[in-house]
Amino acid sequence: MPEFQTFPIPKARHYIDGRFQDAVSGETFDVIDPTTEEVIGQAARGGESDAHSAVAAAKRAFARGEWSRAKPSFRKEVLYRVADLIEERSDEIAYLQGIEMGEPVLDSEGKVAFYVARSAQNFRFFADEQMQAGDHAFNHEDRLMTYTMTDPVGVYALITPWNGPFMLSTWKMAPCLAYGNSAVHKSSELSPLSIQVLCEIFEQAGLPDGVYNSLMGYGAEVGPPLVSHSEVAGISFTGSPATARDISARVSTSLKRTSFELGGKSATIIFDDADLDRAVTEASLAIYLTTGQSCVAGSRILVHESIYDEFLTRFEAEAKNWIVGNPLDPKTTLGPVVSKGQYDRVMNYIDIARSEGRVLFGGGRPDNLEKGYFIEPTAIVDAPNSARICQEEVFGPVAVILPFKDDAHALEIANDTPYGLAGYIWTESLERAHNCALRLETGMIWINSGFVRDLRQPFGGVKDSGQGREGGQFSREFYTETRFASFPIAPRRDD
Ligand code: NAD
(Lines give C-alpha, C1' and ligand atoms only; values in the text may rest on other atoms or scores of the structure.)
Protein backbone atom coordinates (compact mmCIF):
# COMPACT_ATOMS: atom_id res chain seq x y z
CA MET A 1 0.00 0.00 0.00
CA PRO A 2 1.45 3.43 -0.92
CA GLU A 3 1.56 5.02 2.52
CA PHE A 4 1.57 8.64 3.45
CA GLN A 5 4.63 10.03 5.19
CA THR A 6 4.73 9.11 8.89
CA PHE A 7 5.67 11.35 11.82
CA PRO A 8 6.57 10.73 15.48
CA ILE A 9 3.48 10.23 17.63
CA PRO A 10 3.49 12.79 20.46
CA LYS A 11 2.49 11.97 24.01
CA ALA A 12 -0.84 13.69 24.55
CA ARG A 13 -0.24 16.04 27.48
CA HIS A 14 -1.92 19.09 28.89
CA TYR A 15 -0.54 22.43 27.71
CA ILE A 16 -0.92 24.90 30.56
CA ASP A 17 0.72 28.30 30.93
CA GLY A 18 2.99 27.62 27.96
CA ARG A 19 4.25 24.24 29.25
CA PHE A 20 3.42 20.66 28.33
CA GLN A 21 2.45 18.83 31.53
CA ASP A 22 1.27 15.44 32.73
CA ALA A 23 -1.92 15.10 34.75
CA VAL A 24 -1.52 16.06 38.42
CA SER A 25 -2.56 12.48 39.26
CA GLY A 26 0.09 11.12 36.87
CA GLU A 27 -2.62 8.96 35.29
CA THR A 28 -2.88 8.32 31.56
CA PHE A 29 -5.16 6.42 29.18
CA ASP A 30 -4.57 4.64 25.87
CA VAL A 31 -4.91 6.26 22.46
CA ILE A 32 -6.13 3.70 19.91
CA ASP A 33 -5.76 3.80 16.12
CA PRO A 34 -9.20 2.90 14.68
CA THR A 35 -7.58 1.37 11.57
CA THR A 36 -5.33 -1.13 13.36
CA GLU A 37 -7.22 -1.31 16.70
CA GLU A 38 -3.78 -0.98 18.32
CA VAL A 39 -2.65 1.25 21.17
CA ILE A 40 -0.50 3.98 19.61
CA GLY A 41 0.06 6.31 22.52
CA GLN A 42 -0.89 7.66 25.90
CA ALA A 43 -2.87 10.71 26.92
CA ALA A 44 -2.93 12.55 30.23
CA ARG A 45 -6.04 11.76 32.26
CA GLY A 46 -7.03 15.20 33.50
CA GLY A 47 -9.22 15.90 36.51
CA GLU A 48 -10.32 18.73 38.75
CA SER A 49 -6.83 20.00 39.72
CA ASP A 50 -5.74 20.11 36.08
CA ALA A 51 -8.88 22.01 35.08
CA HIS A 52 -8.37 24.50 37.92
CA SER A 53 -4.73 25.07 37.08
CA ALA A 54 -5.57 25.67 33.38
CA VAL A 55 -8.30 28.20 34.26
CA ALA A 56 -5.97 29.97 36.70
CA ALA A 57 -3.28 30.26 34.00
CA ALA A 58 -5.83 31.61 31.51
CA LYS A 59 -7.12 34.14 34.04
CA ARG A 60 -3.59 35.34 34.89
CA ALA A 61 -2.79 35.77 31.21
CA PHE A 62 -6.00 37.74 30.69
CA ALA A 63 -5.21 40.01 33.64
CA ARG A 64 -1.60 40.61 32.48
CA GLY A 65 -3.03 42.11 29.30
CA GLU A 66 -0.17 41.17 26.94
CA TRP A 67 -2.86 39.66 24.72
CA SER A 68 -6.19 40.96 26.01
CA ARG A 69 -5.06 44.58 25.77
CA ALA A 70 -2.63 44.14 22.87
CA LYS A 71 -3.00 46.17 19.71
CA PRO A 72 -5.20 44.37 17.17
CA SER A 73 -2.30 44.51 14.69
CA PHE A 74 -0.13 42.54 17.13
CA ARG A 75 -2.82 39.90 17.51
CA LYS A 76 -3.15 39.75 13.74
CA GLU A 77 0.60 39.25 13.31
CA VAL A 78 0.67 36.34 15.78
CA LEU A 79 -2.44 34.67 14.36
CA TYR A 80 -1.11 34.97 10.80
CA ARG A 81 2.05 33.22 12.01
CA VAL A 82 -0.15 30.47 13.51
CA ALA A 83 -1.82 30.06 10.10
CA ASP A 84 1.54 29.89 8.29
CA LEU A 85 2.83 27.26 10.71
CA ILE A 86 -0.32 25.15 10.32
CA GLU A 87 0.28 25.14 6.57
CA GLU A 88 3.95 24.24 7.05
CA ARG A 89 2.99 21.27 9.22
CA SER A 90 -0.12 20.22 7.31
CA ASP A 91 1.19 16.73 6.42
CA GLU A 92 1.93 16.03 10.07
CA ILE A 93 -1.49 17.27 11.18
CA ALA A 94 -3.24 15.18 8.52
CA TYR A 95 -1.19 12.14 9.56
CA LEU A 96 -2.00 12.49 13.25
CA GLN A 97 -5.67 13.04 12.51
CA GLY A 98 -5.60 9.97 10.27
CA ILE A 99 -4.31 7.74 13.04
CA GLU A 100 -6.31 9.21 15.91
CA MET A 101 -9.74 9.24 14.27
CA GLY A 102 -9.47 7.69 10.81
CA GLU A 103 -9.90 10.72 8.57
CA PRO A 104 -8.35 10.11 5.09
CA VAL A 105 -5.14 12.14 4.71
CA LEU A 106 -5.86 13.26 1.15
CA ASP A 107 -9.03 14.70 -0.32
CA SER A 108 -10.62 13.70 -3.63
CA GLU A 109 -8.26 16.04 -5.52
CA GLY A 110 -5.22 14.36 -4.00
CA LYS A 111 -4.39 17.33 -1.77
CA VAL A 112 -3.71 17.11 1.95
CA ALA A 113 -7.18 17.06 3.37
CA PHE A 114 -8.86 20.44 2.90
CA TYR A 115 -9.68 20.81 6.58
CA VAL A 116 -6.05 21.48 7.45
CA ALA A 117 -5.94 24.41 5.01
CA ARG A 118 -9.31 25.45 6.42
CA SER A 119 -7.83 25.61 9.91
CA ALA A 120 -5.22 28.11 8.73
CA GLN A 121 -7.94 30.15 7.02
CA ASN A 122 -9.91 30.30 10.26
CA PHE A 123 -7.04 32.10 11.98
CA ARG A 124 -6.45 34.52 9.09
CA PHE A 125 -10.16 35.28 8.78
CA PHE A 126 -10.64 36.21 12.44
CA ALA A 127 -7.28 37.98 12.62
CA ASP A 128 -8.65 40.26 9.87
CA GLU A 129 -12.20 40.39 11.26
CA GLN A 130 -11.07 41.84 14.59
CA MET A 131 -9.10 44.51 12.68
CA GLN A 132 -11.96 45.45 10.34
CA ALA A 133 -14.98 45.34 12.63
CA GLY A 134 -15.22 48.95 13.77
CA ASP A 135 -16.95 50.51 16.74
CA HIS A 136 -20.13 52.58 16.33
CA ALA A 137 -20.98 56.23 16.99
CA PHE A 138 -24.51 57.61 17.46
CA ASN A 139 -25.36 61.29 17.37
CA HIS A 140 -28.37 62.04 19.62
CA GLU A 141 -30.27 65.19 18.57
CA ASP A 142 -27.01 67.02 17.82
CA ARG A 143 -26.55 67.22 21.60
CA LEU A 144 -24.92 64.00 22.70
CA MET A 145 -22.47 61.68 21.00
CA THR A 146 -22.31 58.04 22.01
CA TYR A 147 -19.50 55.77 20.92
CA THR A 148 -19.05 52.07 21.55
CA MET A 149 -16.00 50.20 22.85
CA THR A 150 -15.46 46.51 22.24
CA ASP A 151 -13.60 44.43 24.79
CA PRO A 152 -12.69 40.80 25.20
CA VAL A 153 -14.74 39.01 27.88
CA GLY A 154 -12.25 36.84 29.78
CA VAL A 155 -11.70 33.09 29.99
CA TYR A 156 -13.64 30.78 27.70
CA ALA A 157 -13.95 27.01 27.93
CA LEU A 158 -13.87 25.57 24.41
CA ILE A 159 -15.06 21.97 24.23
CA THR A 160 -14.80 20.03 20.98
CA PRO A 161 -15.70 16.55 19.66
CA TRP A 162 -13.58 13.94 17.88
CA ASN A 163 -14.87 14.47 14.36
CA GLY A 164 -12.63 16.93 12.51
CA PRO A 165 -10.81 17.41 15.80
CA PHE A 166 -8.22 19.87 14.52
CA MET A 167 -10.34 22.04 12.23
CA LEU A 168 -13.42 22.18 14.46
CA SER A 169 -11.22 23.31 17.35
CA THR A 170 -9.81 26.15 15.27
CA TRP A 171 -13.37 27.33 14.47
CA LYS A 172 -13.64 28.18 18.14
CA MET A 173 -10.08 29.16 19.01
CA ALA A 174 -9.61 31.58 16.15
CA PRO A 175 -12.44 33.98 17.13
CA CYS A 176 -11.96 33.42 20.86
CA LEU A 177 -8.30 34.42 20.71
CA ALA A 178 -8.60 37.01 17.94
CA TYR A 179 -10.89 39.18 20.07
CA GLY A 180 -8.38 39.03 22.94
CA ASN A 181 -9.82 36.34 25.25
CA SER A 182 -7.96 33.51 26.95
CA ALA A 183 -9.00 29.92 26.31
CA VAL A 184 -9.03 26.56 28.04
CA HIS A 185 -9.63 23.98 25.38
CA LYS A 186 -10.90 20.48 26.12
CA SER A 187 -10.57 18.28 23.04
CA SER A 188 -12.08 14.82 22.82
CA GLU A 189 -10.40 11.91 24.60
CA LEU A 190 -10.76 9.99 21.32
CA SER A 191 -8.62 12.44 19.32
CA PRO A 192 -5.92 13.96 21.52
CA LEU A 193 -2.93 13.87 19.13
CA SER A 194 -3.22 16.49 16.38
CA ILE A 195 -3.95 19.19 18.95
CA GLN A 196 -0.44 18.69 20.40
CA VAL A 197 0.94 20.18 17.20
CA LEU A 198 -1.27 23.22 17.61
CA CYS A 199 0.08 23.84 21.13
CA GLU A 200 3.62 23.83 19.71
CA ILE A 201 2.51 26.18 16.94
CA PHE A 202 1.02 28.68 19.40
CA GLU A 203 4.28 28.69 21.32
CA GLN A 204 6.37 29.14 18.18
CA ALA A 205 4.09 31.88 16.86
CA GLY A 206 4.63 33.93 20.01
CA LEU A 207 1.23 33.66 21.68
CA PRO A 208 1.87 34.76 25.29
CA ASP A 209 1.90 31.94 27.86
CA GLY A 210 -1.46 31.07 29.38
CA VAL A 211 -3.56 32.64 26.63
CA TYR A 212 -4.27 29.21 25.15
CA ASN A 213 -4.38 26.14 27.41
CA SER A 214 -5.26 22.60 26.40
CA LEU A 215 -6.66 19.88 28.67
CA MET A 216 -6.61 16.16 27.96
CA GLY A 217 -8.89 13.64 29.62
CA TYR A 218 -12.31 12.04 29.74
CA GLY A 219 -15.16 14.48 29.32
CA ALA A 220 -17.03 13.29 32.38
CA GLU A 221 -13.95 13.83 34.60
CA VAL A 222 -12.30 17.02 33.43
CA GLY A 223 -15.33 18.65 31.79
CA PRO A 224 -17.55 19.40 34.84
CA PRO A 225 -14.86 21.19 36.92
CA LEU A 226 -13.92 23.20 33.83
CA VAL A 227 -17.40 24.42 32.90
CA SER A 228 -18.42 25.04 36.51
CA HIS A 229 -15.33 27.08 37.38
CA SER A 230 -16.35 30.54 38.56
CA GLU A 231 -13.62 32.23 36.47
CA VAL A 232 -14.93 30.75 33.21
CA ALA A 233 -17.02 33.49 31.63
CA GLY A 234 -18.21 31.62 28.57
CA ILE A 235 -18.53 28.12 27.18
CA SER A 236 -18.51 27.20 23.53
CA PHE A 237 -19.41 23.55 23.17
CA THR A 238 -19.64 21.27 20.13
CA GLY A 239 -20.86 17.75 20.75
CA SER A 240 -23.97 15.78 21.57
CA PRO A 241 -27.26 17.16 22.96
CA ALA A 242 -26.90 14.91 26.03
CA THR A 243 -23.60 16.53 27.04
CA ALA A 244 -24.97 19.99 26.25
CA ARG A 245 -27.87 19.35 28.64
CA ASP A 246 -25.44 18.22 31.33
CA ILE A 247 -23.35 21.38 30.92
CA SER A 248 -26.45 23.55 30.81
CA ALA A 249 -27.69 22.08 34.09
CA ARG A 250 -24.32 22.60 35.78
CA VAL A 251 -24.11 26.27 34.85
CA SER A 252 -27.82 27.09 35.12
CA THR A 253 -27.41 29.20 38.25
CA SER A 254 -24.49 31.16 36.82
CA LEU A 255 -24.62 33.86 34.14
CA LYS A 256 -22.02 32.33 31.84
CA ARG A 257 -22.41 32.81 28.10
CA THR A 258 -23.04 29.55 26.30
CA SER A 259 -23.03 28.46 22.70
CA PHE A 260 -24.07 24.92 21.82
CA GLU A 261 -23.37 23.36 18.41
CA LEU A 262 -25.01 19.94 18.54
CA GLY A 263 -26.09 17.01 16.43
CA GLY A 264 -28.44 16.60 13.50
CA LYS A 265 -30.67 14.35 11.43
CA SER A 266 -30.59 16.55 8.40
CA ALA A 267 -32.64 15.97 5.27
CA THR A 268 -31.51 16.10 1.67
CA ILE A 269 -34.76 16.83 -0.25
CA ILE A 270 -34.71 15.91 -3.93
CA PHE A 271 -37.66 17.20 -5.94
CA ASP A 272 -38.79 15.74 -9.29
CA ASP A 273 -37.34 18.73 -11.20
CA ALA A 274 -33.86 18.39 -9.66
CA ASP A 275 -30.64 17.99 -11.63
CA LEU A 276 -30.46 14.33 -10.67
CA ASP A 277 -26.81 13.81 -11.65
CA ARG A 278 -25.66 16.45 -9.20
CA ALA A 279 -28.24 15.55 -6.56
CA VAL A 280 -27.11 11.91 -6.50
CA THR A 281 -23.42 12.82 -6.18
CA GLU A 282 -24.02 15.46 -3.53
CA ALA A 283 -26.45 13.29 -1.53
CA SER A 284 -23.75 10.63 -1.41
CA LEU A 285 -21.11 13.14 -0.29
CA ALA A 286 -23.49 14.63 2.28
CA ILE A 287 -23.85 11.33 4.13
CA TYR A 288 -20.67 9.34 3.46
CA LEU A 289 -17.93 11.98 3.58
CA THR A 290 -16.01 11.60 6.87
CA THR A 291 -17.74 8.22 7.23
CA GLY A 292 -20.97 9.93 8.21
CA GLN A 293 -19.33 11.43 11.29
CA SER A 294 -20.39 14.96 10.54
CA CYS A 295 -22.93 17.10 12.36
CA VAL A 296 -24.29 18.36 9.04
CA ALA A 297 -24.51 14.87 7.48
CA GLY A 298 -27.52 14.52 5.17
CA SER A 299 -28.55 11.32 6.92
CA ARG A 300 -32.18 11.31 5.69
CA ILE A 301 -32.69 11.49 1.93
CA LEU A 302 -36.22 12.44 0.86
CA VAL A 303 -36.98 11.76 -2.80
CA HIS A 304 -40.10 12.58 -4.84
CA GLU A 305 -42.00 9.34 -5.48
CA SER A 306 -41.86 9.78 -9.28
CA ILE A 307 -38.05 9.53 -9.32
CA TYR A 308 -37.64 7.32 -6.22
CA ASP A 309 -36.78 4.03 -7.98
CA GLU A 310 -34.38 5.70 -10.38
CA PHE A 311 -32.73 7.50 -7.46
CA LEU A 312 -32.22 4.25 -5.53
CA THR A 313 -30.49 2.62 -8.50
CA ARG A 314 -28.24 5.59 -9.13
CA PHE A 315 -27.48 6.22 -5.45
CA GLU A 316 -26.38 2.60 -5.00
CA ALA A 317 -24.12 2.84 -8.06
CA GLU A 318 -22.65 6.10 -6.74
CA ALA A 319 -21.94 4.52 -3.33
CA LYS A 320 -19.68 1.95 -5.02
CA ASN A 321 -17.27 4.78 -5.85
CA TRP A 322 -16.26 5.18 -2.20
CA ILE A 323 -12.95 3.49 -1.47
CA VAL A 324 -13.05 2.19 2.07
CA GLY A 325 -9.68 1.57 3.65
CA ASN A 326 -6.65 2.78 5.54
CA PRO A 327 -6.86 6.58 5.84
CA LEU A 328 -3.09 6.78 5.22
CA ASP A 329 -3.54 5.27 1.76
CA PRO A 330 -3.85 8.23 -0.62
CA LYS A 331 -6.54 6.36 -2.59
CA THR A 332 -8.85 5.96 0.42
CA THR A 333 -11.93 8.14 0.51
CA LEU A 334 -13.75 6.52 3.45
CA GLY A 335 -11.90 5.65 6.66
CA PRO A 336 -13.05 3.74 9.73
CA VAL A 337 -15.36 5.17 12.38
CA VAL A 338 -13.50 6.58 15.35
CA SER A 339 -13.68 3.84 18.00
CA LYS A 340 -14.94 0.43 19.03
CA GLY A 341 -17.77 2.14 20.91
CA GLN A 342 -18.84 4.04 17.80
CA TYR A 343 -18.52 0.91 15.62
CA ASP A 344 -20.81 -1.06 17.95
CA ARG A 345 -23.25 1.82 18.13
CA VAL A 346 -23.54 2.16 14.33
CA MET A 347 -23.82 -1.63 13.85
CA ASN A 348 -26.54 -1.71 16.50
CA TYR A 349 -28.49 0.97 14.62
CA ILE A 350 -28.16 -1.06 11.41
CA ASP A 351 -29.57 -4.10 13.26
CA ILE A 352 -32.47 -2.04 14.58
CA ALA A 353 -33.06 -0.71 11.05
CA ARG A 354 -33.36 -4.27 9.71
CA SER A 355 -36.52 -4.67 11.79
CA GLU A 356 -37.81 -1.18 10.96
CA GLY A 357 -37.15 -1.32 7.21
CA ARG A 358 -34.76 -2.95 4.73
CA VAL A 359 -31.04 -2.64 4.06
CA LEU A 360 -30.76 -1.54 0.41
CA PHE A 361 -26.97 -1.93 0.33
CA GLY A 362 -24.02 -2.19 2.72
CA GLY A 363 -24.82 -2.94 6.32
CA GLY A 364 -21.61 -4.63 7.40
CA ARG A 365 -17.83 -4.68 7.42
CA PRO A 366 -16.18 -4.66 3.97
CA ASP A 367 -15.01 -8.22 3.08
CA ASN A 368 -11.39 -7.17 2.44
CA LEU A 369 -10.91 -5.47 5.84
CA GLU A 370 -10.61 -7.89 8.72
CA LYS A 371 -9.38 -5.39 11.27
CA GLY A 372 -10.32 -1.83 12.06
CA TYR A 373 -13.64 -0.12 12.72
CA PHE A 374 -14.71 -0.14 9.08
CA ILE A 375 -18.34 -0.04 7.97
CA GLU A 376 -19.55 -0.12 4.36
CA PRO A 377 -21.57 2.79 2.99
CA THR A 378 -25.08 1.71 3.95
CA ALA A 379 -28.60 2.71 2.90
CA ILE A 380 -31.89 1.83 4.58
CA VAL A 381 -35.27 1.98 2.82
CA ASP A 382 -38.91 1.14 3.67
CA ALA A 383 -38.68 2.53 7.22
CA PRO A 384 -41.33 5.03 8.37
CA ASN A 385 -40.06 8.42 9.51
CA SER A 386 -41.16 7.53 13.05
CA ALA A 387 -38.55 4.69 13.11
CA ARG A 388 -35.50 5.11 15.33
CA ILE A 389 -33.23 4.99 12.28
CA CYS A 390 -35.05 8.10 10.97
CA GLN A 391 -35.19 9.99 14.27
CA GLU A 392 -31.88 9.35 16.04
CA GLU A 393 -28.43 10.53 15.02
CA VAL A 394 -26.36 7.49 14.00
CA PHE A 395 -23.13 9.38 13.23
CA GLY A 396 -21.89 6.74 10.81
CA PRO A 397 -22.11 5.93 7.08
CA VAL A 398 -25.83 5.14 7.15
CA ALA A 399 -28.42 6.93 5.00
CA VAL A 400 -32.14 6.36 5.28
CA ILE A 401 -34.12 7.07 2.11
CA LEU A 402 -37.83 7.98 2.14
CA PRO A 403 -40.24 8.82 -0.71
CA PHE A 404 -42.57 11.84 -0.59
CA LYS A 405 -45.72 12.78 -2.53
CA ASP A 406 -45.53 16.56 -2.78
CA ASP A 407 -43.78 19.62 -1.32
CA ALA A 408 -45.93 19.73 1.81
CA HIS A 409 -45.28 16.05 2.48
CA ALA A 410 -41.51 16.55 2.03
CA LEU A 411 -41.51 19.35 4.58
CA GLU A 412 -43.68 17.39 7.00
CA ILE A 413 -41.16 14.51 6.99
CA ALA A 414 -38.13 16.81 7.06
CA ASN A 415 -39.40 18.74 10.09
CA ASP A 416 -40.59 15.67 11.99
CA THR A 417 -37.41 15.21 14.04
CA PRO A 418 -36.08 16.63 17.32
CA TYR A 419 -33.12 18.07 15.42
CA GLY A 420 -32.81 21.15 13.21
CA LEU A 421 -29.24 21.62 12.05
CA ALA A 422 -29.01 21.56 8.24
CA GLY A 423 -31.04 20.90 5.11
CA TYR A 424 -30.17 20.39 1.44
CA ILE A 425 -32.74 21.21 -1.25
CA TRP A 426 -32.47 20.04 -4.86
CA THR A 427 -34.87 21.65 -7.35
CA GLU A 428 -34.59 23.78 -10.49
CA SER A 429 -37.35 26.09 -9.20
CA LEU A 430 -36.07 28.99 -7.15
CA GLU A 431 -39.59 29.73 -5.92
CA ARG A 432 -40.04 26.19 -4.64
CA ALA A 433 -36.58 26.23 -3.07
CA HIS A 434 -37.30 29.47 -1.24
CA ASN A 435 -40.74 28.31 -0.05
CA CYS A 436 -39.10 25.18 1.24
CA ALA A 437 -36.25 27.13 2.90
CA LEU A 438 -38.81 29.34 4.66
CA ARG A 439 -40.56 26.34 6.16
CA LEU A 440 -37.66 23.99 6.86
CA GLU A 441 -36.96 24.08 10.60
CA THR A 442 -33.16 24.10 10.45
CA GLY A 443 -30.46 26.66 11.09
CA MET A 444 -28.64 26.16 7.79
CA ILE A 445 -29.91 25.36 4.31
CA TRP A 446 -27.99 24.71 1.13
CA ILE A 447 -29.95 24.96 -2.13
CA ASN A 448 -28.52 23.02 -5.09
CA SER A 449 -25.17 22.89 -3.33
CA GLY A 450 -23.34 20.76 -0.85
CA PHE A 451 -21.96 21.85 2.50
CA VAL A 452 -19.85 25.00 2.10
CA ARG A 453 -18.80 26.98 5.13
CA ASP A 454 -18.35 30.68 4.49
CA LEU A 455 -16.82 32.01 7.69
CA ARG A 456 -19.33 34.88 7.76
CA GLN A 457 -22.32 32.52 7.88
CA PRO A 458 -24.25 32.22 11.16
CA PHE A 459 -23.33 28.59 11.83
CA GLY A 460 -25.69 26.75 14.19
CA GLY A 461 -28.94 24.89 14.60
CA VAL A 462 -32.45 25.10 16.04
CA LYS A 463 -34.38 22.67 18.30
CA ASP A 464 -32.04 19.95 19.70
CA SER A 465 -29.29 20.98 17.27
CA GLY A 466 -28.11 23.86 19.38
CA GLN A 467 -28.32 27.37 20.68
CA GLY A 468 -26.40 30.38 19.44
CA ARG A 469 -24.57 31.09 16.21
CA GLU A 470 -20.86 31.29 15.48
CA GLY A 471 -19.11 32.79 12.46
CA GLY A 472 -18.09 36.32 11.47
CA GLN A 473 -20.03 39.02 13.34
CA PHE A 474 -21.98 36.34 15.28
CA SER A 475 -18.75 35.10 16.84
CA ARG A 476 -17.80 38.67 17.57
CA GLU A 477 -20.97 39.12 19.63
CA PHE A 478 -20.32 35.92 21.55
CA TYR A 479 -16.67 36.60 22.30
CA THR A 480 -16.80 40.32 23.10
CA GLU A 481 -18.44 42.84 25.42
CA THR A 482 -19.72 46.06 23.87
CA ARG A 483 -19.86 49.12 26.12
CA PHE A 484 -20.58 52.75 25.37
CA ALA A 485 -19.63 56.23 26.54
CA SER A 486 -21.52 59.43 25.75
CA PHE A 487 -20.38 63.06 25.75
CA PRO A 488 -22.10 66.36 24.96
CA ILE A 489 -21.43 67.91 21.58
CA ALA A 490 -21.94 71.46 20.37
CA PRO A 491 -25.36 71.87 18.76
CA ARG A 492 -25.40 72.65 15.04
CA ARG A 493 -28.64 74.69 15.38
CA ASP A 494 -30.33 76.66 18.11
CA ASP A 495 -33.75 75.04 18.54
P1 NAD B 1 -19.80 14.32 23.21
O2 NAD B 1 -20.90 15.22 23.62
O3 NAD B 1 -19.75 12.97 23.78
O4 NAD B 1 -18.39 14.97 23.53
C5 NAD B 1 -18.03 16.26 23.07
C6 NAD B 1 -16.96 16.83 23.97
O7 NAD B 1 -17.51 17.03 25.27
C8 NAD B 1 -15.75 15.92 24.19
O9 NAD B 1 -14.57 16.69 24.26
C10 NAD B 1 -16.04 15.27 25.53
O11 NAD B 1 -14.87 14.85 26.20
C12 NAD B 1 -16.68 16.43 26.26
N13 NAD B 1 -17.54 16.04 27.38
C14 NAD B 1 -18.18 14.86 27.60
N15 NAD B 1 -18.87 14.91 28.74
C16 NAD B 1 -18.70 16.14 29.26
C17 NAD B 1 -19.20 16.81 30.41
N18 NAD B 1 -20.02 16.21 31.28
N19 NAD B 1 -18.83 18.09 30.64
C20 NAD B 1 -18.03 18.73 29.75
N21 NAD B 1 -17.52 18.15 28.65
C22 NAD B 1 -17.85 16.87 28.39
O23 NAD B 1 -19.85 14.27 21.61
P24 NAD B 1 -18.92 13.43 20.63
O25 NAD B 1 -19.42 12.04 20.63
O26 NAD B 1 -17.49 13.72 20.92
O27 NAD B 1 -19.25 14.15 19.25
C28 NAD B 1 -20.29 13.78 18.43
C29 NAD B 1 -21.43 14.74 18.57
O30 NAD B 1 -21.01 16.07 18.25
C31 NAD B 1 -22.54 14.43 17.57
O32 NAD B 1 -23.80 14.57 18.17
C33 NAD B 1 -22.33 15.49 16.50
O34 NAD B 1 -23.45 15.75 15.71
C35 NAD B 1 -21.91 16.65 17.31
N36 NAD B 1 -21.23 17.67 16.48
C37 NAD B 1 -21.85 18.87 16.25
C38 NAD B 1 -21.25 19.84 15.44
C39 NAD B 1 -21.92 21.17 15.17
O40 NAD B 1 -21.22 22.11 14.83
N41 NAD B 1 -23.22 21.31 15.30
C42 NAD B 1 -20.01 19.58 14.88
C43 NAD B 1 -19.41 18.35 15.12
C44 NAD B 1 -20.03 17.41 15.94
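**Exercise 1.** Is Glu-37 buried, partly exposed or exposed in this predicted model?

*Solution.* Start with the number: Glu-37 has a relative accessible area of 33%. Buried would need a value under 20%, and exposed one over 50%. So Glu-37 comes out as partly exposed. Next, find its place in the chain: Glu-37 sits in the loop between E3 and E4. Finally, check the backbone. Phi of Glu-37 is near 65 degrees, a positive value in a residue other than glycine.

**Exercise 2.** Find Asp-382 and say what phi is there.

*Solution.* Look in the loop between strand E15 (378-381) and helix H12 (388-391), where Asp-382 is found. Then read off the angle: phi of Asp-382 is near 65 degrees, and this is a positive value in a residue that isn't glycine.

**Exercise 3.** Work out whether Thr-35 is buried or exposed, and which residues it touches.

*Solution.* Now for the neighbours. Leaving out residues up to four places away in sequence, Thr-35 touches Asn-326, Pro-327, Pro-336, Lys-371, Gly-372 and Phe-374.

**Exercise 4.** Describe the surroundings of Ile-301.

*Solution.* Begin with strand E13 (residues 300-304), which holds Ile-301. With a relative accessible area of 0%, Ile-301 is buried. Skipping residues up to four places away in sequence, its contacts include Thr-268, Ala-283, Phe-311 and Ile-401. Take a closer look at that last one: Ile-301 and Ile-401 are 100 residues apart in sequence, yet 4.7 Å apart in space, C-alpha to C-alpha.

**Exercise 5.** How do helices H5 and H6 pack?

*Solution.* Two packed helices are described by the angle between their axes and the distance between those axes. For H5 (residues 165-178) and H6 (residues 194-205), the angle is about 30 degrees and the axes are 10 Å apart. The crossing of H5 and H6 is right-handed. On the H5 side, the contact is made by Pro-165, Phe-166, Ser-169, Thr-170, Met-173 and Leu-177; H6 brings Ser-194, Ile-195, Leu-198 and Phe-202. Sort these by class and you get seven nonpolar, three polar and no charged residues.

**Exercise 6.** How many residues surround the ligand, and which are the closest?

*Solution.* The count is 29, and the closest are Glu-189, Ser-240, Thr-243, Leu-262 and Glu-393. Now zoom in on Glu-189: an N or O atom in its side chain is 2.6 Å from an oxygen atom of the ligand. For Asp-246, an N or O atom of the side chain is 3.1 Å from a ligand nitrogen atom.

Notes
Residues numbered from 1 in each chain as written. Predicted model: local features only at pLDDT ≥ 70, side-chain atom pairs only at ≥ 80, totals over all residues. Heavy atoms only, no water. Axes fitted to C-alpha atoms, helices over the stretch in contact; angles between N-to-C directions. Helix = DSSP H or I, 4+ residues; strand = E, 2+ residues; numbered from the N terminus. Left-handed = near helix turned anticlockwise from the far one by under 90°. Contact = heavy atoms within 4.5 Å. Nonpolar A, V, L, I, M, F, W, Y, C, P; charged D, E, K, R; others polar. Buried < 20%, exposed > 50% of the residue type's maximum accessible area, 1.4 Å probe, protein only. Near = heavy atom within 4 Å. Polar contact = N/O pair within 3.5 Å; in protein donor to acceptor, adjacent residues only side chain to side chain.
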